[in-house]
Amino acid sequence: MDAEGVANVAIKLEPVAGQPKVRVEIEDDSPDGFAQLSHAWTLFAESGKKGDPLLRGRFNLGEKMVIALCDEARVITTSGGVRFDDSGRHSLRERRPQGSLFAGVLRATRDQYHEMCDAAARLIVPSGIKATFNGKLVVPRIAIASFEDSLQTEIADESGVLRRVFRKTRVNIHEPLPGEQGCVYELGVPVVETGDKFHYDVQQKVPLGFERDNVPPAFLRLLRVLALNATFTRLTQDDANQPWAREAAGDKHASDDAIRTMADKRFGERRVSYDPSDPEANSLAFSKGYTVVTGSQCSAGEWEQMRRAAAITSAGKVTPSPKPYSRDPNAIPEELLPESEWTDGMKRTAEYATTLARRLMGVDITVRFTRANRQFAACYGARELTFEVGCLGRAWFDDVGSIEQDDLLIHEFGHEYSSDHLSAQYHKALTMLAAQLKHLAIEDPELFERFRAA
């Protein structure tokens, strides 16, 4: 397919009757034919292709490897012909007006024959060339996407030594046919199976080892990232969780749109990152239908790129828990009421709260009153209970031991055991305190009558 001026390539492959062999013929119509016939048998002859990144091949070895596998083979081209068999190499007087013909017989089982047929069907034929396999057209494949970028390739220097350099090229992306594994292609020829969702057909030499069976990890990683940037809208939820896609999404070359779309597909549009500094915020987010993404669900690279692309926000910022004593400079300043301003109801409520804390929890607490007009009735922490007079109103404190007061006290005392309103530990504390309060009322009714009578 690299021959100058070629328009047609015909491949024939058939089993030899009664023998574990196959016969292969490949024919093209290049006007000049085989560039140099002696290269068919000269190992490591200087390749005319290795200086051009747009041609396949670099070691001038491929046809020798095929011929070495054959029991017999011949090459006929515009400059003559040669035959190889058990007795050696023989020149032929045949020649063709144009193009070249390779024909050979090699040992192969029927399973290997079918494997060869499958391999021929995997070719991506370049535009402008018609290829047939056993008389049937190798159907051209239409790329679903393509992009141009700088990728590593191999070009021979002035001394003929192959050097790896970066060069801008086009990459065509194809959907694998049923039964195919995603591959890296070099100019339409599959070279390395990746198992990815797509075929990557690189339109220049790709950096390959001598065996042509692998590419450098950094090359494959960059190829995957650039492919993700070109195809992220086509990925499903399952695709987004595949290793190749996640590796690409954790790379600095991934686009912001690709990263955000990957996050949408993996975690949904309503998502937050787990916030260790605000445990209750995580529970609040979950209760409101957010997916709370924890550290182990993404690699370090994925977290870095999601933050860069503003693809995720912490639960503490999306669903923050109430923070009565915020250090935010814009927060409402706290104004403590001195005891000299406490009403009789406030004094009795303070004594009632400290008594219940001692009887129900076995702890001594401090009670305070503020008038900052915050949006909460009370708060508890570090064994300090604060009532917000601006929210409750002074009259609320006159009915000591009311259902409303007991309800608020049980709620606040629960924070002796957990600061997280939505945790199982906090829920257990509330039920325990309510049960203890009932038993206390039964065992010591005079305590409650004393506060009411007062």
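Predicted model: local features only at pLDDT ≥ 70, side-chain atom pairs only at ≥ 80, totals over all residues.

In general, the strands of a sheet pair through backbone hydrogen bonds, in either a parallel or an antiparallel manner. Here, 3 strands form an open sheet with mixed pairing, and their order is β16-β18-β17. Which strands stand at the edges? They are β16, residues 366-370, and β17, residues 378-381. Each has a single partner strand, so one side of each is left without a neighbour in the sheet. From one strand to the next, the twist averages 20 degrees.

Between β17 and β18, residues 384-388, there are 4 bridges, and these two strands run antiparallel.

I turn now to the loops. The loop between β17 and β18 holds Arg-383. Arg-383 is not a glycine, yet its phi is positive, at about 55 degrees. Leu-187, in the loop between β11 and β12, also has a positive phi, near 50 degrees. Are these residues buried or partly exposed? Leu-187 has a relative accessible area of 7% and is buried, whereas Arg-383, with 40%, is partly exposed.

The last topic is salt bridges. Side chains of opposite charge can pair when their charged atoms come close. The whole structure contains 28 salt bridges. In one of them, Asp-264 meets Arg-271 at 2.6 Å, N to O. Asp-264 is partly exposed, at 30% relative accessibility, while Arg-271 is buried, at 11%.

Another salt bridge joins the side chains of Arg-266 and Glu-302, at 3.1 Å from N to O. Why does this pair tie together parts that are 36 residues apart in sequence? It does so because Arg-266 lies in helix α6, residues 256-267, and Glu-302 lies in helix α8, residues 300-308. Both Arg-266 and Glu-302 are buried.

Finally, salt bridges with shared partners link Asp-196, Arg-221, Arg-224, Glu-247 and Asp-251 into one network. Thank you for your attention.

Terms used. Residues numbered from 1 in each chain as written. Heavy atoms only, no water. Pairing = 2+ DSSP bridges. Axes fitted to C-alpha atoms, helices over the stretch in contact; angles between N-to-C directions. Buried < 20%, exposed > 50% of the residue type's maximum accessible area, 1.4 Å probe, protein only. Salt bridge = Lys/Arg side-chain N within 4 Å of Asp/Glu carboxyl O.
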